[in-house]
Amino acid sequence: MNIHEYQSKQIFKDYGLNTLNGFLIESREDLEKSYDKIKTDIAVLKAQIHAGGRGKAGGVKLVKSIDEARELFDKLYEKNLVTIQTTSEGEKVSKFYLEEACNIQDEYYLSFVLNRKDACISVIASGEGGMDIEDLAKNSPEKILSFNIDPMIGITDYMIRDVLFIFGLDKSYLAEVSKLLKGLYKIYIENDCTLIEINPLIRNDKNELIAIDGKMSFDDNALYRNQKIEAFRDNSNANPNELEAEKHGLSYVGLDGDIGCLVNGAGLAMATMDSIFFAGGTPANFLDIGGGANDEIIAMSLKMVLESEKVKGALVNVFGGINSCDTIARGVVMALDKIDKKIPIVVRLQGTNFKEGKKIIQDSSHEIYLTDSMDAGSEMIVKLTKEAK
Ligand code: GDP
Ligand code: MN
């Protein structure tokens, strides 16, 4: 799960790290009221979405008057902001953060990330802040420092000195960098983070190090024990199908192609995607019904898969283990009874009760193509979908 910048900054503040004074803005009235409380001549108004790249996309603005603030607010409020990190549709802006501005002397990059390969937390730091870290890694890798943290040892003095060095700071900042690294590490561990990224971290004209941006992601599987973080959830930009599926313990993933897929198990989902690509098609989505779904859940799932405009054909690829094939078949028929969408549907059933399953499909009044193998099923649905177009 991702949270907003203003929420990350709340966490930074709770752990004693430096942030600027700011206010959450959810309406025009909030903006008027909060603007009066800003003590600096210039303020920064920032659109809150679950993606970076807002600065370049016009979602962050330095404002000198309430009029300038209103202008950005009116331009973006309840509208979609497209940045290099969002989809081409963008994300709807329903919140802003209004912050006191500061005099930036220097910008740095600092992040704590989950390093899956080395099975530990890694720190990435650079003296070139505010930049695209991916570009920097490609063009000037020598400007980036990265190291792993040993979970038995944590942040050591030499790590702090290395970060100090890459930031180009002198020893007088040792205590401040130490506080920052140890604080972020503590936040990461105590809240089951998967990412904390500060880009940029800045030095102001009073020689303080301040986080002026903050991006955080959390391990979904640990949210049950992090109620404070769970309370930060904002689903306003989530895909409605993904949310509906999640409610029933299923997982739905939307993709760009035109073939809808109903599968069971993440492995079979991946194999099905590959098989469709191999046959020359592209999946529009997949829904993983997992194990133990009843016929009604299966019917609801298939409806979800077929619903989208872009779906021009569908492949049901299920290996009956915990789910028996007759249940799957009943669910498929139930869904088609309710939906008035005439597109080709291929069903591949194998495993428990597959004979009963096939019979239910054959006896139904719907035109459903049956097959025994995944690859044959993929070829069939790709061909039928192309013909139907
Ligand atoms: P992002 O583009 O989504 O990563 O949004 P950021 O929070 O990083 O803001 C984009 C840019 O706005 C930063 O890199 C800064 O250059 C600028 N900015 C943000 N806050 C301030 C501020 O208080 N003072 C000044 N001068 N610039 C700021
Ligand atoms: Mn940023």
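The largest nonpolar core has 40 residues. A nonpolar core here is a set of buried Ala, Val, Leu, Ile, Met, Phe, Trp, Tyr and Cys residues joined through side-chain atoms within 4.5 Å. Buried means under 20% relative accessible area, exposed means over 50%, and partly exposed lies in between, with a 1.4 Å probe and protein chains only. The residues with the most contacts inside this core are Phe12, Phe112, Val177, Leu184, Ile187, Ile196 and Met216. Helix H7 gives the largest share of the core, 7 residues. Apart from it lies another core, of 31 residues, which includes Leu250, Val332, Ile343 and Val347.

Before I continue, please note that this is a predicted model, in which local features need pLDDT of at least 70 and side-chain atom pairs count only at pLDDT 80 or more, while totals for chains, interfaces and linings use all residues. Residues are numbered from 1 along each chain as its sequence is written, chains are lettered from A and ligands numbered from 1 in the order in which they are written, and side-chain values use heavy atoms, with hydrogens and water left out.

Let us look at one core member in detail. Which residues does Phe12 touch, not counting residues up to four places away in sequence? They are Leu17, Thr19, Leu184, Ile187, Ile196, Ile198, Ala211, Asp213, Gly214 and Met216, where contact means heavy atoms within 4.5 Å.

I turn to the aromatic rings. Rings of Phe, Tyr and Trp (for Trp, its six-membered ring) pair if their centres lie within 6.5 Å; planes under 30 degrees apart count as stacked, over 60 as edge-to-face, and the rest as tilted. By this rule the count comes to 5 aromatic pairs. In one of them, the ring centres of Phe112 and Tyr188 are 6.5 Å apart and the planes meet at 40°, so the pair is tilted. Phe112 belongs to strand E7 (residues 106–115) and Tyr188 to helix H7 (residues 174–190), so this pair ties together parts that are 76 residues apart in sequence. Helices (H or I, at least four residues) and strands (E, at least two) are DSSP runs, numbered from the N terminus. Both Phe112 and Tyr188 are buried. Elsewhere, ring pairs link Phe73, Tyr77 and Phe96 into a cluster.

Next, the metal. Which protein donors does the manganese ion (ligand 2) have? They are Asn199 (O) and Asp213 (OD), lying 2.1 to 2.2 Å from the ion. Asn199 sits in strand E10 (residues 193–203), and Asp213 in the loop between strand E11 (209–211) and strand E12 (215–218), 14 residues apart. Donors are N, O and S atoms within 2.8 Å of the metal (3.2 Å for Na, K and Ca); water is not among the atoms, so sites may look incomplete. Asn199 is buried, with a relative accessible area of 16%, and Asp213 is also buried, at 18%.

The backbone deserves attention at this point. Most residues other than glycine have a negative phi, and most peptide bonds are trans. The bond from Asn199 to Pro200, however, is cis, with omega near 5°, and Pro200 lies in strand E10. Glu78 has a positive phi, near 65°; this residue is in the loop between helix H4 (66–76) and strand E4 (80–81) and counts as partly exposed, at 39% relative accessibility. Asp192 has a positive phi too, near 50°. Asp192 is found in the loop between H7 and E10 and counts as buried, at 15%.

On a 1 Å grid over the protein atoms alone, a cavity is a set of points where a 1.4 Å probe fits but cannot get out, and a pocket is an open set with protein on both sides within 12 Å along at least five of seven lines; lining residues have an atom within 4 Å of a point. The second largest pocket is lined by 33 residues, of which Glu91, Asn237, Ala238, Asn239 and Glu242 lie nearest its centre. Helix H9 supplies the largest share of that lining, 5 residues. As for the largest cavity, its lining consists of Leu17, Asn18, Glu176, Lys179, Leu180 and Leu209. The largest share of this cavity's lining, 3 residues, comes from H7.
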